[in-house]
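Take a look at the model below. The text after it goes through the contacts between chains, then through the fold of one chain.

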There are 4 protein chains.
Amino acid sequence: MIKASIIGATGYSGAVLAGILSAHKDVEIISLTSKTYAGKKFSDIYKNFKGILDIELEEQNIEKISKNADVIFVALPHGIASAQIDAGVLSNAKVIDLGADFRLKDKEVYENWYNTKHHGEELLDNAVYGLCEWEREKVKSASLVANPGCYATASILAAAPLLKEGVICPDDIIIDAKSGVSGAGRSLDLGVHYCECSDSIKAYKVASHRHTPEIEQVLSCISGKDPLVNFTPHLVPMKRGILASVYMKPVLDISLNDIRAIYKKYYKNEYFIRFLNEGEVPETRWVQGSNFCDINVFKDPRTKRIIAFSAIDNLVKGAAGQAVQNMNIMFGLEEKTSLENIAMFP
Amino acid sequence: MIKASIIGATGYSGAVLAGILSAHKDVEIISLTSKTYAGKKFSDIYKNFKGILDIELEEQNIEKISKNADVIFVALPHGIASAQIDAGVLSNAKVIDLGADFRLKDKEVYENWYNTKHHGEELLDNAVYGLCEWEREKVKSASLVANPGCYATASILAAAPLLKEGVICPDDIIIDAKSGVSGAGRSLDLGVHYCECSDSIKAYKVASHRHTPEIEQVLSCISGKDPLVNFTPHLVPMKRGILASVYMKPVLDISLNDIRAIYKKYYKNEYFIRFLNEGEVPETRWVQGSNFCDINVFKDPRTKRIIAFSAIDNLVKGAAGQAVQNMNIMFGLEEKTSLENIAMFP
Amino acid sequence: MIKASIIGATGYSGAVLAGILSAHKDVEIISLTSKTYAGKKFSDIYKNFKGILDIELEEQNIEKISKNADVIFVALPHGIASAQIDAGVLSNAKVIDLGADFRLKDKEVYENWYNTKHHGEELLDNAVYGLCEWEREKVKSASLVANPGCYATASILAAAPLLKEGVICPDDIIIDAKSGVSGAGRSLDLGVHYCECSDSIKAYKVASHRHTPEIEQVLSCISGKDPLVNFTPHLVPMKRGILASVYMKPVLDISLNDIRAIYKKYYKNEYFIRFLNEGEVPETRWVQGSNFCDINVFKDPRTKRIIAFSAIDNLVKGAAGQAVQNMNIMFGLEEKTSLENIAMFP
Amino acid sequence: MIKASIIGATGYSGAVLAGILSAHKDVEIISLTSKTYAGKKFSDIYKNFKGILDIELEEQNIEKISKNADVIFVALPHGIASAQIDAGVLSNAKVIDLGADFRLKDKEVYENWYNTKHHGEELLDNAVYGLCEWEREKVKSASLVANPGCYATASILAAAPLLKEGVICPDDIIIDAKSGVSGAGRSLDLGVHYCECSDSIKAYKVASHRHTPEIEQVLSCISGKDPLVNFTPHLVPMKRGILASVYMKPVLDISLNDIRAIYKKYYKNEYFIRFLNEGEVPETRWVQGSNFCDINVFKDPRTKRIIAFSAIDNLVKGAAGQAVQNMNIMFGLEEKTSLENIAMFP
């Protein structure tokens, strides 16, 4: 059994992760930590776990925890993981960081966008960006995985095939993304009160969301191009889910069939990516609670613009699910283990 | 492997059932039927199943299907099952009926409340009411199980212990129940359009809901008393879940501790019933997607009234989950098999 | 023009009140106060008011404000109003308190249920309970009106006619009430985060909600009886609205027609109370945004229990609307002025 | 008093219109028609109108109704209005058509996009496109107004100023629009059942929505340019509201200040258009229930792209409210009459 710990288990990603791991046949959860709730039972905070995962929440001490763990999942606000994860920790246990600290390769870019110091520059080279479908080989041998951001996952999976094949302009990519409210986390915030965000929609962090450089870096890495992305997130009154609507400009005259063939080339053997039939639109309801990413692509015959849509559950494929997928890859397990849930519908 | 068919697989209960069965290690789904969608792939109707359960939907022919099946789940509107299930079918396969046709023992009561003919009177004696926690022994040897109604499940589980112990007045039980919208099924209906039922609440079928005689019959059967129940269902803007608020009048002066002891007596070994700590309120969010029933009981020190709350997922413990629990019991399997999902939260 | 101030204008009740008053042809808003947002423009906090009510929020100083105001609306958490309103203030301006401090006539009952000191005992006798339909005459000459609680308004309006006529047992009244989330106010609170309360229902403050003694006191005052009420509030995923389901036990054999006649007797001339046609159920969607209270009554032919339902908008008839209705009465205006909005639907 | 009729009063737009007109001091509603509900009282269908508008619904006979009416509002599915409105009707009464039949000037374009015959070609030249802020002068003398589509209203108001000033590429406009569910109307449709569309988001009619040619025609008419628009609508789980996110490519290097100055030039005197402060994002909650359109514009410093957002209530500024605004203009009334409601929040 793989001994696993979750640092920051009482945020939404941490709690979803606890659920997936507690059902994982090869994993034993040895500790859950929480800054806010240390000393309480996990199932007193997330009462759906009553009778399933009643262990007591511990203080956050990654150093100490790493001595008994095979893998540590870190689900902390940005800026904290890079201060606590070091070579010592990594010599004890593999680390999968669900936060942003090890995603950007360039420390300066990180510090500019996140407006904080980075404390673990020396680990940036080691860290593998854990977008499983595109970085599987690197993940296999990684000791530190930077689990992708939720928006980044949806956006990159939708745009990467066409960019890599050189079919679209790298500097004319517009991503209009829509997220459910759980993406904002569980900290107290008037903006996510029921009465403030239900029955309404808005954009936020226009031209300034921190997943923008992440999307550009990874698309660049995948395609060898130099993409420039307009990324605009929106808050939608639903609990979970991200829909990314990606507008791309073809550099040549290409038929929808040929466009579709490109997606199939990259994704036909990917269990968690479902490339839909022509004309079907991805909807978040069909992936909610699952690790699937549903993708489809359209071509506007009048404007020639190509429009791809991808739908994921932000807490699963966009966070905890992909983290476990990464763990499965790192430990040589069947990649789907404990990730076979289908979306809960209705 | 147990060969299973679902008759009426494209209603909400049928689809949830398909999900549970497709993940069940001892079950093989051999056919799904649909009156409306026969000929289409199941995963074209419920796209969450894409890649998981892509079989074609068949016409509804229980007779024919029974010849190859070990167990048939019937999820049809009332009045239809009783016309199609007969001794011949039952000689071929076990049947678990998620509809109402075999729940009421008295044909006349059925015909009065359901305002339709009953076509299978001769089977009423054979049918076992499948409220697992109270009828487990009978279910073990049943060939025909009448799976309980969603409201009835929540209501009976909350009231039965105190009624059986003679602690409350049988004729002074008020059940104010609240259900999510999926309880209304998937037929076209203006009343369940998003714009008509979101952001609002109402009672419906006041003093006339068909689960009323079911609750009374089963409570009577369990307790030996002659209960008279005021049952009032309400429609709540949520997808899944039932909360039953049960107001009971004690016949004697009894402490909350003694009341709690009675619930523990009956439920302490029941995996799917979680009797909460003193003061905790059941909430549908903690059971949504799971087969659990969360129960707690309060005593109003001023009025002496006892108030019990029970929360279930109407489509799981209130339908498909309990149906599989019954199947597990009937086939001598571990009762929890394929029912260990915890609630999806958030 | 009546010069009006709102103390605590940035809570939900205060903001709804600002909307009603800003559209009131006989009222001029001279000041809005806010502890949290003083110095900002009101329309920066509630952006729906942009261009309509852009005045700057002031510090809370009732004493000072009273010198220029004809009427002061106080929308503060309990315990504060009683410390700030005194004879001096009342000699300057009429006061309508939307909080709880002057509702209960017995200081001890208040201190027990609210678990705080009462600072204005000497004013309790002056304060008129502003349930307009039942206390109109007293309100006309009041200088201090205690505006009723939202649950209390819905509950009392539904139960009062039958209790006053001696038709029901005073000590066997069960009120199962359901409220939208705005009832919890606008303070930071994890429990009303979108992801925590959407798609779910729960009871809260079982047998301990502070509107219970208010309901009993006012029903007693209206009927001369000594009612004992079981009051159980529930939180429903909707923004606004209260539905009270009131279960009453008749003391005699009475027909539904005679029951209906009693409601008509009391409410037929009440503009804001709509007693529905036989069989129609009140729904919060039909009153949301309006000052109406929709009521209907049913009789269970089997149990003989009488069930009345009332639906209001908790922020209008349950708070700001009724407050303006009281102001209209106090100043001799047409009672409906600025309260003629119908529910916003869909 | 202006005598007004609504043809098709029981759709959502018709009902909202009935609400605005019934509160209009210069209007008397003389008839409401409904194909589905003729013979019933309007307030039996929309129970929020109980006591306010209880008149009986009539059969749809525009010819006959026009003889007594000063203005007829037509709220019918496309293809019907053009068959029923003719010169005879227009000689009797002014007509404001909330449907699509008279919006497109080119009959062929209409027939291609709407896939139906147009029956009133001879009236197309007479019809004035009633986007009040841009066509006010023409509306003043119009006898037939084509009330703009909801998406078109939001989209055009956001893009027109920059296009007219020649600041952006006409053929590189991407509109990612998000609508609440009421936009789908009130006909039975599984896709708008609560359980199917709550808690989820999807795009629909990708590259094929019928408001696309309308947007292009009107933008062309306003700007003299030849715009080519990528329009993608999305369905969002909220009752009302449209948010249009409009991505535009500048043809020159222009500062945000200069961009903002252009919007102010066109909209500073427009009561119903609220151009927000720098950095503020339009949100549908701030306009829901009102006739306002909130607009703001951003510039991405990295990509140079200009992003404008506009938020309206699809049933008010996007339908019934704008229709009444047009009526007010046509009849020489104060343009705001009966349209001064602010958004209902929360």
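## Chains in contact

Start with one ion pair: Asp172(B) and Lys249(C) join their side chains in a salt bridge, with 3.6 Å from N to O. The model is predicted, so treat each distance here as computed from it. A salt bridge is counted when a side-chain nitrogen of Lys or Arg lies within 4 Å of a carboxyl oxygen of Asp or Glu, so the 3.6 Å pair qualifies.

How many salt bridges are there between chain C and chain B? The count is 10. Polar contacts between chain C and chain B come to 31 residue pairs, with both residues at pLDDT 80 or more.

Which elements of chain C supply the side that touches chain B? At least two residues each come from strand 7 (168-179), strand 8 (202-203), strand 9 (229-235), strand 10 (242-250) and strand 13 (306-312). Helix 9 (194-197) and helix 10 (211-223) of chain C also supply at least two residues each. Strand 7 of chain C gives the most, with five residues. By class, this side of chain C holds 23 nonpolar, nine polar and 15 charged residues.

Now take the extent of the contact. Chain C brings 47 residues and chain B brings 48 residues. Together, chain C and chain B bury about 4,000 Å², and 56% of that area is on carbon and sulfur atoms. Within chain C, Asp199(C), Ile201(C) and Arg302(C) lose the most area to chain B. Together they make up 17% of what the chain C side buries.

## Chain A against chain D

Turn to the contact between chain A and chain D. Here 48 residues come from chain A and 47 residues from chain D. The buried area is about 4,000 Å², with 56% of it on carbon and sulfur atoms. Asp199(A), Ile201(A) and Arg302(A) supply 17% of the area that chain A buries against chain D.

The rule finds 10 salt bridges across the interface of chain A and chain D. One of them links the side chains of Arg285(A) and Glu196(D), at 2.6 Å from N to O. Polar contacts between chain A and chain D amount to 31 residue pairs, both residues at pLDDT 80 or more.

Several elements of chain A supply at least two residues each to the side that touches chain D, including helix 9 (194-197), helix 10 (211-223) and strand 12 (293-299). Strand 7 of chain A gives the most to this side, with five residues. By class, the side has 23 nonpolar, nine polar and 16 charged residues.

## The fold of chain A

Step back to chain A as a whole. Its secondary structure comes to 12 helices and 13 strands. Six strands form an open sheet with parallel pairing, in the order 2-1-3-4-6-5. Strand 2 (27-33) and strand 5 (128-129) of chain A stand at the edges. Each has a single partner strand, so one side of each is left without a neighbour in the sheet.

Inside that order, strand 4 (residues 94-97) and strand 6 (residues 144-146) of chain A pair in the parallel sense over three bridges. Asp97(A) stands opposite Ala146(A), which lies in strand 6 of chain A.

What are the overall dimensions of chain A? Along its principal axes, the C-alpha trace spans about 60 × 45 × 40 Å. The radius of gyration of chain A is 19 Å. That agrees with a compact globule, because 346 residues packed that way would have a radius of gyration near 20 Å.

Notes:
Residues numbered from 1 in each chain as written. Chains lettered and ligands numbered in written order. Predicted model: local features only at pLDDT ≥ 70, side-chain atom pairs only at ≥ 80, totals over all residues. Heavy atoms only, no water. Contact = heavy atoms within 4.5 Å. Buried area = accessible area lost by both parts, 1.4 Å probe. Polar contact = N/O pair within 3.5 Å; in protein donor to acceptor, adjacent residues only side chain to side chain. Helix = DSSP H or I, 4+ residues; strand = E, 2+ residues; numbered from the N terminus. Nonpolar A, V, L, I, M, F, W, Y, C, P; charged D, E, K, R; others polar. Pairing = 2+ DSSP bridges. Rg over C-alpha atoms; globule rule 2.2 N^0.38 Å.
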